[in-house]
Amino acid sequence: MKMLFPFCFFLLTLVNPFSERRMDRKINSAKITFEFVSKKVKGTIEGFESESTIEWENLENSYFKGSVLAKTLDTNNGLRNWSLRSGKYFDVDDHPKITFESTSVTKSNDQLLVTGMLTIKGTEKEITIIFRKSGQQLIGTTSLFSIDYGIKIKKNREDNLVNVKMIFDIDP
């Protein structure tokens, strides 16, 4: 009987889906899309790398850090891609990566609010990404103004709105 209790405790810890050691999750891959709203131009960006850790039971310990390769920006138009990658816009030769590093992760209802610093073309600004969990994916959305990062598509700030969507595949 004395041996039965430790064995049961060990077994419960091993199979418990809420055990602490099983709550750390990593992001395996991502699909990132964007839209320059005023131009109705949609595209993708690739070359995703992540050092993120998600702790569902202790979100304050979660950390999102990742980057994409600016040269992979693709709008399905070769001439437009070349122009966007040039020094006038994203300047991919001098600024090869777009990076994000979180400063806080909180939960609001069924959403994760991830606030952090986004760096594009050497300019760093705070943004918040709103994620929802769907199966083994985190689906995030955010909006930004490209002109705030030195990428002037149109003259007025409000005409430089970019909507971004991220679909992250996470560890099971």
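Guide: A salt bridge here is a side-chain nitrogen of Lys or Arg within 4 Å of a carboxyl oxygen of Asp or Glu. The model is a predicted one.

Visitor: How many salt bridges does a search of the whole structure find?

Guide: Lysine 97 pairs with glutamate 49, and lysine 65 pairs with glutamate 51. Arginine 157 and aspartate 148 also meet through their side chains. The search of the whole structure gives a count of 3.

Visitor: How far apart are the closest N and O atoms of lysine 65 and glutamate 51?

Guide: The cut-off for a salt bridge is within 4 Å. Lysine 65 and glutamate 51 form one, with their closest N and O atoms at 3.9 Å.

Visitor: Is glutamate 51 buried or exposed?

Guide: Buried means under 20% relative accessible area, and exposed means over 50%. Glutamate 51 has a relative accessible area of 54%, so it is exposed.

Visitor: Which strands hold lysine 97 and glutamate 49?

Guide: The closest N and O atoms of this salt bridge are 3.3 Å apart. The pair links distant parts of the chain, 48 residues apart. Lysine 97 lies in strand β7 and glutamate 49 in strand β4.

Visitor: Which residues are closest to the centre of the largest cavity?

Guide: The largest cavity holds about 500 Å³ of space. Its lining has 32 residues, divided into 24 nonpolar, 7 polar and 1 charged. Closest to the centre are Ile32, Val68, Ile98, Leu118 and Val164.

Definitions and conventions: Residues numbered from 1 in each chain as written. Predicted model: local features only at pLDDT ≥ 70, side-chain atom pairs only at ≥ 80, totals over all residues. Heavy atoms only, no water. 1 Å grid on protein atoms, 1.4 Å probe; cavity = no way out; pocket = protein on both sides within 12 Å on 5 of 7 lines; lining within 4 Å. Points joined across faces, edges and corners; volume = space filled by probe spheres on them. Nonpolar A, V, L, I, M, F, W, Y, C, P; charged D, E, K, R; others polar. Helix = DSSP H or I, 4+ residues; strand = E, 2+ residues; numbered from the N terminus. Buried < 20%, exposed > 50% of the residue type's maximum accessible area, 1.4 Å probe, protein only.
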